[in-house]
Amino acid sequence: MQIQIAAVGKIKERYLKDAIEEYSKRLSRYCSLEITEVSDEKAAENLSLAEEEAVREREGERLLKQIRDDAYVITLDLQGKQLSSEQLAAQMEDLVLRGESRITFVIGGSLGLGKNVKKRSDYALSFSKMTFPHQLMRVILLEQVYRSFKIRKGEPYHK
C-alpha cells in the first residue's frame, strides 16, 4: 500500500518534526509513505469571504498538482464523516480489498480546503468537530494511520 499525505504548509516546530519522523519510521513496516508539502498563502486576519475562498483555491491548485490520477483521495474536512479508529482500519482494509493501493490524505491550510479539492475527494473524513492546527493534524493523521495498520494486523497498540 502506498500512502501519501498532501498538506499545505511547512512544519517548523522541532517537536512536530520529531513526531512525524517517528510515525513515518513506524509506518515503514506497513506501507510506502510520502509526505508532500505545498506552500501556504499569506493571508491577513480580516479577509472577506471571497478572499478566503481565493486563498483556498490557490492552495487547492497546488495540492491537486501533487495528487496522482490513480489515487483514492481522502480529504480531512470538518464536514466529513467521523470514524472510530477501528472503523478507519476497516475502511482502509476495504480499500485494499477493492484494489485501491494508493491512498492520498489531503490536509488543507488554516482556512480549510477549496471547492476544487473537495470535488476531487473520494471520501471526506473528520477527526472531530473541534478545530486543530493543520500542522498538528499531520501528526494526528499519521498516528491514526499507524494505529489502523496495527489494528488490521491484530498487533497490540491501540488499547
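## Before we start

Because the model is predicted, local features need pLDDT of at least 70 and side-chain atom pairs count only at pLDDT 80 or more, while totals for chains, interfaces and linings use all residues. Residues are numbered from 1 along each chain as its sequence is written, and side-chain values use heavy atoms, leaving out hydrogens and water.

## Two crossing helices

Let's begin with helix α3 (residues 85–97) and helix α5 (residues 134–153), whose axes come within 8 Å and cross at roughly 75 degrees. Helices here are DSSP runs of H or I with at least four residues, strands are runs of E with at least two, and both are numbered from the N terminus. The axes are lines fitted to C-alpha atoms over the stretch in contact, with angles from 0 to 180 degrees between N-to-C directions.

Which residues of α3 and α5 make the contact? Among them are Leu88, Ala89 and Met92 of α3 and Val145, Phe149 and Ile151 of α5, where contact means heavy atoms within 4.5 Å. The residues of this contact divide into seven nonpolar, three polar and four charged (Ala, Val, Leu, Ile, Met, Phe, Trp, Tyr, Cys and Pro are nonpolar; Asp, Glu, Lys and Arg are charged; the others, Gly among them, are polar).

The largest pocket has a volume of about 520 Å³. A pocket is an open set of points on a 1 Å grid over the protein atoms alone, where a 1.4 Å probe fits, with protein on both sides within 12 Å along at least five of seven lines; lining residues have an atom within 4 Å of a point. Volume is the space filled by probe spheres set on the points, which are joined across faces, edges and corners. Of the 24 lining residues, Leu76, Leu78, Gly109, Gly112 and Thr131 are the closest to the centre. Strand β3 gives the largest share of this lining, four residues.

The second largest pocket has a volume of about 220 Å³. Its lining has 14 residues, with Glu41, Ala43, Ala44, Ser110 and Leu111 nearest the centre. Helix α2 (residues 49–66) gives the most, three residues.

Tyr23 and Tyr146 form a tilted aromatic pair, 6.0 Å centre to centre with 55 degrees between the planes (rings of Phe, Tyr and Trp, its six-membered ring, pair if their centres lie within 6.5 Å; under 30 degrees is stacked, over 60 edge-to-face and the rest tilted). Tyr23 lies in helix α1 (residues 14–27) and Tyr146 in helix α5, so the pair ties together parts 123 residues apart in sequence.

Gln135 is also found in helix α5. Leaving aside residues up to four places away in sequence, Gln135 touches Lys10, Ile11 and Leu16.
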